[in-house]
Amino acid sequence: RELFDLSIVYYVVVSVEANVTGSIIIHNNHIKLWDITENDLYEFASDNTKRLLPAGIKSMFDTLSEMVDMEDFCNTDDFMYVLTNKEKLQGASTILYPDVLSTFADRKNANLWLLPSSIHEWIIVCDDGNMNRETLSEMIQEVNGSQLAPDEVLSDHPYYYNRTTKVLSA
């Protein structure tokens, strides 16, 4: 299923062992074998994904603090946030969850820039009027080209969420 220049891809999440999960991609031949439609699969996935892998938004500072010792950094006003799911596995799908973006935008009283960090997460930046699509695209392309494996790249440009209209655009 297409969403702008993105593709919605379906997975089955499997438990490998305690606290370790993995995923198996669902192909079109699975849909035929299961005798369901892609719309059926989308509905199942929409319900199950938000229930099994709830979305979470953390400040970039809090996210980095989980990975490295951040004692030497001061926590100034947060301006970047990470949107993913509780497993941090294929978490980019969380933008499809109803009300995730609208609730956050309302809480921050701002429109949002969504930067595709990888297939696992988005970086959200509140629009303060100081950023533009071209600069953000260049930054995303640089990171994608130097920091991500090709199969982890989500997109090369930012998306914009308008708080008033509740519309996500490419």
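What follows is a friendly chat about a predicted model of a protein structure.

Biologist: Hi! What should I know before I start looking?

Modeller: This is a predicted model, where local features need pLDDT of at least 70 and side-chain atom pairs count only at pLDDT 80 or more, while totals for chains, interfaces and linings use all residues. Residues are numbered from 1 along each chain as its sequence is written, and side-chain values use heavy atoms, with hydrogens and water left out.

Biologist: Great. Let's start with the sheet: what is the order of its strands?

Modeller: The order is 5-6-8-7-9-10, in an open sheet of six strands with antiparallel pairing. Strands here are DSSP runs of E with at least two residues, helices are runs of H or I with at least four, and both are numbered from the N terminus. Two strands pair if DSSP finds at least two bridges between them.

Biologist: Which strands are at the edges?

Modeller: Strand 5 (55–59) and strand 10, as each of them pairs on one side only. From one strand to the next, the twist averages 25°. Angles run from 0 to 180 degrees between N-to-C directions, using axes that are lines fitted to C-alpha atoms, for helices over the stretch in contact.

Biologist: How many bridges join strand 7 and strand 9?

Modeller: Three, in the antiparallel sense. If you look at Trp113, you will find Tyr160 of strand 9 opposite.

Biologist: And which helix packs on the sheet?

Modeller: Helix 5 (residues 133–147) does, touching strand 7 and strand 9. The direction of helix 5 makes about 15° with that of strand 7. Contact means heavy atoms within 4.5 Å.

Biologist: Switching topic: which residues touch the most others in the largest nonpolar core?

Modeller: Leu101, Leu112, Leu114 and Trp122, in a core of 20 residues. A nonpolar core is a set of buried Ala, Val, Leu, Ile, Met, Phe, Trp, Tyr and Cys residues joined through side-chain atoms within 4.5 Å. Buried means under 20% relative accessible area, exposed is over 50%, and partly exposed is in between, with a 1.4 Å probe and protein chains only.

Biologist: Why would such residues gather?

Modeller: In soluble globular proteins, nonpolar side chains tend to be buried together.

Biologist: Which element gives the largest share of this core?

Modeller: Helix 4, with four residues. The elements giving two or more residues include strand 6 (80–85), helix 4 (100–108) and strand 7 (112–118).

Biologist: What does Leu101 touch?

Modeller: Setting aside neighbours within four places in sequence, Leu101 is in contact with Leu83, Ile95, Leu112, Leu114, Tyr161 and Leu168. There is also a second, separate core of nine residues, with Val82, Leu115, Ile123 and Ile140 among them.

Biologist: OK, charges now. How many salt bridges does the structure hold?

Modeller: Three, where a salt bridge is a side-chain nitrogen of Lys or Arg within 4 Å of a carboxyl oxygen of Asp or Glu. One of them joins Arg1 and Glu38, whose closest N and O atoms are 2.9 Å apart. Arg1 lies in the segment before strand 1 (2–3) and Glu38 in helix 2, so this pair ties together parts 37 residues apart in sequence.

Biologist: What about Asp106?

Modeller: The side chain of Asp106 meets that of Arg163 at 3.0 Å, N to O, and that of Lys166 at 3.7 Å. Asp106 is in helix 4 and Lys166 in the loop between strand 9 and strand 10, so that pair ties together parts 60 residues apart in sequence.

Biologist: Last one: where is His120?

Modeller: In the loop between strand 7 and strand 8. His120 is buried, with a relative accessible area of 16%.
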